[in-house]
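Reader: I would like to learn how to read contacts, pockets and charged pairs in a model. Please take one feature at a time.

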Amino acid sequence: MGRSSEPGEFYLGVGVGPHPEPHPVGEQYEVELLLNGDRRNIADEFRYLTVEAIRGVLKERRIPLEIGIENWQHDLNIGSLVRTANAFNVNQFHIIGNKHWNQHGALMTDKYIDIKHHQTIDDFK
């Protein structure tokens, strides 16, 4: 039995389909998403909005917490930490050391959080 990428018993459809007409109007809306549906893994209140619009809303709600992690190697755990920091809507995430990290593990949540890179611990201070 072959695997299917279509929604079904083991793969549930994510998101919502095209927005019913009339479509909302404004620069905060992504026209392509309104027409074709929004399959991103985001809260329903953010459906059909641009990444910039979502970041603007989240910025107003951020908690005054910043997280820093030292990246000695190409750490696979950083993506998980970014995802968790995004879930708590922290103000900023700092990566110290190696600039490259496993963005795949963040599951695209790095689009919605401010990440700042520092070469050394002294740069972070």
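This is a predicted model: local features need pLDDT of at least 70, side-chain atom pairs count only at pLDDT 80 or more; totals for chains, interfaces and linings use all residues.

Reader: Is Thr 109 buried or exposed?

Author: Thr 109 is buried, with a relative accessible area of 13% (buried is under 20%, exposed over 50%, partly exposed in between, with a 1.4 Å probe and protein chains only). Thr 109 sits in the loop between strand S2 (90-97) and strand S3 (115-118); helices (H or I, at least four residues) and strands (E, at least two) are DSSP runs, numbered from the N terminus. A polar atom of the Thr 109 side chain lies 2.6 Å from the backbone oxygen of Ala 106.

Reader: What volume does the largest pocket have?

Author: Rolling a probe the size of a water molecule over the atoms shows where empty space is left. Here the volume of the largest pocket is about 320 Å³. On a 1 Å grid over the protein atoms alone, where a 1.4 Å probe fits, a pocket is an open set with protein on both sides within 12 Å along at least five of seven lines, and lining residues have an atom within 4 Å of a point. The volume is the space filled by probe spheres set on the points. Of its 16 lining residues, Asn 41, Ile 42, Asn 86, Thr 109 and Tyr 112 are the closest to the centre. The largest share of the lining, three residues, comes from H3.

Reader: Which salt bridges involve Arg 47?

Author: Side chains of opposite charge can pair when their charged atoms come close. A salt bridge is a side-chain nitrogen of Lys or Arg within 4 Å of a carboxyl oxygen of Asp or Glu. Arg 47 pairs with Asp 38 at 3.7 Å between the closest N and O atoms, and with Asp 44 at 3.5 Å, N to O. Asp 38 is buried at 0% relative accessibility, and Arg 47 is buried at 11%, whereas Asp 44 is exposed at 61%.

Reader: Which residues form the network of salt bridges?

Author: Asp 38, Arg 40, Asp 44 and Arg 47 are linked in it.

Methods
Residues are numbered from 1 along each chain as its sequence is written. Side-chain values use heavy atoms; hydrogens and water are left out. A polar contact is a pair of N or O atoms within 3.5 Å; within protein, one must be able to donate a hydrogen and the other to accept it, and residues adjacent in sequence count only if both atoms are side-chain atoms.
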